[in-house]
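Hi everyone, thanks for coming.

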Amino acid sequence: MHHMNLDNNKQRMLVVSKLEATSPETVLKVTMMTDIEQGFLAMDGEGSVVEDENPFKSPEKKRRFTSFQSSWKSSFDWIAESRRGPQHVTCKICGCDFTISHGGRHDIQRHASSEKHRQNSKHVLYVRSTQGHDEQNSCATKVTAAETAFVSMIAEHNLSFTCGEHILKFIKKHCADPEVVKKISCGGTKAACIARDVMGPKYQNDVVAMCRKLPFCVYLDKNMDWGEEKLLVILVGFFDVDLEKNVIRFLDMPRCVSETSQTVFDCLMETMRKFNVPAGNLVAFSSENDALMTGSEDSVLSRLKSLSPGIVNLGGVCHLAEICSNVGVEALSAPLAELVSDIHSYFSSSAHKQHRLKTLGVLVDLELLKTIKRAPVRWLHLSKVIKHVSDLWPTLLPYFINCESRASKVELISERLQNQELRLVFLYLQFALQPLCQFHSKLQNTDSRVVTLHEDVNRIIQLYAGRLLKPEAAAKFITERDLSLLDDVDSMLQNEEIRLGSEVREYLRVHASSISSADTEKKIYKKAALFCTAVLKKMLQSSAEHYSLLKNAGVFLNPESKLKLSGKLAVDLASQVGMCLTEEEEYQLLDEFSVYQLSDTIDVKTESNPHVNDTNACVVKYWGTVLKQMCRSEGELPIFKKLMLVLLCLPHSHAEPQRAFSIVQKVKAEVRHCLTLKALIGLLSIKMNEDRECFEVQYPTEILEAAKKATSVYNKEHKSLK
């Protein structure tokens, strides 16, 4: 209390001293106030003493102001920090600042509920929706413009639409990063360097590595022109255990001086020496069925057999359908090709003639008829031509009979069209060639058909034998393969029992009166017998060499026969495919075969591909799985593994190699005449030795590093040559 009095006295004296300059009355008044009254005195800004209006109110506390918080933006996306300070915010919708120093978040909510803000918000939403629609339209327009330009690029460079689709997938995968798009550059020189010096050798070396360790088949085609030089295209086929299928790969395309069997053979051997491929791994040979390649003497095959007698050539079976169809048609001795060729020549020479035929409601497919002029004529591929001419016959006959021009060609066509026997031959061939066409279609399958090939050939023989021979004779013919039965008249069916097809039967019924007088019916029965006889003879002759091999291979490869097989069959098969085993190796093969025979059975359909229904596809996948599981390392079951790889790489058809050779011709022909041979080989290696789509391939680091250096290496070499 004493201290408080001292403080009050000090305060009073301070006030009095401050007021010395004021009037005496004021000083007197202040000095007469009590301590409590003097506590409520105040001074104005000019130093005058004033008295508080309410001397009993409590002293005010220091007020804290609210500042802007960034977290509010998550609830109010239309606010921003104000340039006026932290006690204000900016409304991006209204374009104004307002204080938040008193209410903070509440001030923001109060502004949001104001009429001004609500009206402005409606306007902004409308503007944004309009802009969004415009942006969408703008994006759609840009996409359409890009698509149009892309199609223009495809047309300019003569690319397929499928190629365009792959390019787009490639762009979406590899060009998503803007930095990659900015820096990517692959002009003609760089692309050629990467293809020729990096990727091409990489794929080629991969194939060589497989040929060094696996048994393989060589596929050859006739020499290809390269300017004034000749090139020999060499393909190889082997069973890829990882892919679980038989694959055909491009190996090399060396220069070949001339098209003789010795030169082709020398080129092949030189290529194998260049890549250090063991000649013992070459177990099979496939090519066009001509004397140069597969003749019994002085051919490429005969020279290969002189080095390795066990080399397998299934060319007779691969081309069986084509050979038999040609032989069968030739046995008919009918001017089929001449008639088709004359009709094509007549209508292709004048658009007016085609128009006249169109007025009759008929359109001649000149491109189809033109195929008859290709040499040699392959009647199996001309079954569509035969049907087309048969369908046109009722219209062509009156057309040429009433034709104003009586030129010798027109007279000849008219005469042949009026020949009922010739017309019956066309109708019969539609029926007669059908089984061979179906058999040929099976052989076009990319999967190996070694398992069912013997069965397929037997079924064709049974079918044509049943059309020609009596049941007892047919059974004997199939069992004993006795060709003399085909010349025995007593073994033949009677005319009315020989099957000619529904269209021939219908024609004979409709034209019974005119045909019987001309003895045409007997002639068509005779021609049907000649066709079947020729087909059966050729089929047995062409398949005789490998009849036992195909039969044994089909049984051995079939998983269902696993526990019924004998070890002797394995040894016999090894001998048939040229595996010259010592007595010790034979015993080893028997032991390895027993390991396989007593191993767990693998059900292919229940594994990764449950939809596999084709017998051959199932078998191929089955053996791929067996070899992966039982032969994990190089030393496991070596003889048994080699035997299986040999059987699985045997060529069942020449269709897949022909497709590959067509690719070679296409790549060579397409605006690449200025490329070097090495660059062309690089392109073919990339295209033909990769099964994955271009946008799915991931290349190893060493290839990418080599690709980086490819152009600089080329530039150094090119500079040193100058």
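Helix H8 gives the largest share of the lining of the second largest pocket, 6 residues. A pocket here is an open set of points on a 1 Å grid over the protein atoms alone, where a 1.4 Å probe fits, with protein on both sides within 12 Å along at least five of seven lines; lining residues have an atom within 4 Å of a point. Helices (H or I, at least four residues) and strands (E, at least two) are DSSP runs, numbered from the N terminus.

Please keep in mind that this is a predicted model: local features need pLDDT of at least 70, side-chain atom pairs count only at pLDDT 80 or more, and totals for chains, interfaces and linings use all residues. Residues are numbered from 1 along each chain as its sequence is written, and side-chain values use heavy atoms, leaving out hydrogens and water.

Back to our pocket: it holds about 750 Å³ of space, counted as the space filled by probe spheres set on grid points joined across faces, edges and corners. Among its 30 lining residues, Met-210, Lys-213, Leu-214, Asp-240 and Asp-242 are closest to the centre.

Now, the cysteines. How many disulfides are there? The count is 0, taking a disulfide as a pair of cysteine sulfur atoms within 2.5 Å. The closest cysteine sulfur to that of Cys-96 belongs to Cys-94, at 4.9 Å, so it is too far for a bond. Cys-186 is in no disulfide either, with the sulfur of Cys-193 nearest at 9.6 Å.
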